[in-house]
Amino acid sequence: MNQPAFAYIRRSSYKQQQNHSVETQKARILDFAKNKGLSIPEDFIIIEDVTSAYSKKASQRKALMRLKEHMMESGINTVVFNEESRMDRTGYTFVLDFYRPLFQHFGKLNIYTTESTEVWSPDAQQVKIAFLLYQQESTIKSERAIGDLRTRLQSEEGKRRRPGSKVPFGYNQVDNELIPNNQAEIVSFIYYLHSWGHSMKYIAECLNYADIPSATNGKWAVSSIESILKNKVYTGTLQWNIKKGKAAETFTFPSSHPSIVPTTLIELIEMNYQLQETYGRMNTPFLLLNKVCCSNCQQTLVCKNASTKRSGKSYKYQYYICTHCSYKWPAEELHSTVYEKLVRYIKQLLSDNEQHKVMEQSIQQHQLFFDQCIEEVEHKLNLLLTKEALAKANSDEKLLDLIMYKNEELIQERELLHSKQQLLETIHESLLNGTFLERFTLVSEESMHTQELRLLILYFVESITVSASSAPKITFSSDVLRDLFAEE
């Protein structure tokens, strides 16, 4: 009876999918096993697909670690590889993470390659030399690939081509250029829903309910929505990260291909994130969360769910409660009052040119403020350059470390100010061309979702004050930027 054994096959990249690498390795291993008197059942053949043994340590290769577990659980101490390059290209991790644990477990380990009938040993001189050569070969290939990629990304604007990689959902790639396809509308829909405060989970549920297939022709998951929302490619920007070890180099090229999502939506989503950070989540039945204050004690009312049973039936209630003054307002009643006045206010806002001027003046004030802030940061950075020169002249390492820390801090502050400036410019542009206020034209005509109502309240309601004995007082603001730039 032939001795049972496992087989391990590794394909390094997508390119090898075209050259029958798996089939070639499998045929050689099975032929070797037959001549060696080994039996390898189909389910004992472990395949590691599209996995580099250079960029990933042995412990990070899932199929290899699964093989180790199967060998320990089954008690079979024999495995065949096509060649040593399928084991490792790091020079050492295969021995540390695979060979040694198995050798300690079995006491004797039979590892073969199809190139020799002898049991493989990591202590053999030719094996050590081979591993070093494989590592050096992969290092040279990696350097060459990175150099080629960097050259392509740094090429002249008119000649630049997108490096080979998976084509983003919503695009086709023609001659290395991205062209929007009929799935682009789905991408736009995802961004539009998210710009109205809808969660990634809700968006995925909507697409699945409508039987719209995902990028893999399956169901939409939250992670799929998240990857689309985080990908700058949909704004027409090509961004490429080149990683080598812990270091990373980022290339960014705006307007490198047709955009699917307008910048206005991206900036509105960013604005919504900041509002949510200030006032709490969007997906809540308490639409006025962190917006209602007591006119007597000035405390923010807390939200509370309550329930009762009558005739065996459960009834649920929600309240805004002032714990200091000991009174509560029914949420449904307060929501109805605020929504009725909010709709009237938005109608007035859309038809009032004076309100438009107020918003534009506010934007101009913010722009002036950010210009001054950036100028101050630039001045501080210039002062640090002088101090750095003095610290170097005096060989003061401690002072140099402090200067470097402060320099990084100021650079981050400058980047934040520039990003807020960009957001401001986008909102200003959408205000001038009417796209910002146009979003609110159907507010009074269509029923609104909870998240959408919550967002409208955060945009336009400055404060709501209540007491135990008086009607709510609602203060509206036409300056939707007041919370967005509250840090100033």
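**A helix and its surroundings**

Modeller: Happy to! Let's start with helix α2, which covers residues 62-74: its 13 residues reach 18 Å from the first C-alpha to the last, close to the 18 Å expected at 1.5 Å a residue. Please keep in mind that this is a predicted model. Within α2, the buried residues are Ala 63, Leu 64, Met 65, Leu 67, Lys 68 and Met 71. Their cover includes the strands β2 (6-10), β4 (45-48) and β5 (78-81), together with helix α3 (93-106). Just past the end of α2, Gly 75 adopts a positive phi of about 80°.

Now for helices packed in pairs. Two packed helices are described by the angle between their axes and the distance between the axes. Take α9 (residues 331-351) and α13 (residues 450-460): they pack at an angle of about 60°, with axes 11 Å apart. That angle is why α9 counts as oblique to α13. The crossing of these two is left-handed. On the α9 side, the contact is made by Val 338, Tyr 339, Leu 342, Tyr 345, Ile 346 and Leu 349, and on the α13 side by Leu 453, Leu 456, Ile 457 and Phe 460. By class, that contact has ten nonpolar residues, with no polar and no charged ones.

A second pair is α5 (residues 184-195) with α8 (residues 263-279), at about 35° and with axes 9 Å apart. Their crossing is left-handed. Here α5 brings Tyr 191, Tyr 192, His 194 and Ser 195, while α8 brings Leu 265, Ile 266, Ile 269, Asn 272 and Tyr 273. This contact of α5 with α8 has six nonpolar, three polar and no charged residues.

How values were computed. Residues numbered from 1 in each chain as written. Predicted model: local features only at pLDDT ≥ 70, side-chain atom pairs only at ≥ 80, totals over all residues. Heavy atoms only, no water. Axes fitted to C-alpha atoms, helices over the stretch in contact; angles between N-to-C directions. Helix = DSSP H or I, 4+ residues; strand = E, 2+ residues; numbered from the N terminus. Left-handed = near helix turned anticlockwise from the far one by under 90°. Contact = heavy atoms within 4.5 Å. Nonpolar A, V, L, I, M, F, W, Y, C, P; charged D, E, K, R; others polar. Expected span 1.5 Å × (residues − 1). Buried < 20%, exposed > 50% of the residue type's maximum accessible area, 1.4 Å probe, protein only. Parallel < 35°, antiparallel > 145°, perpendicular 65-115°, else oblique.
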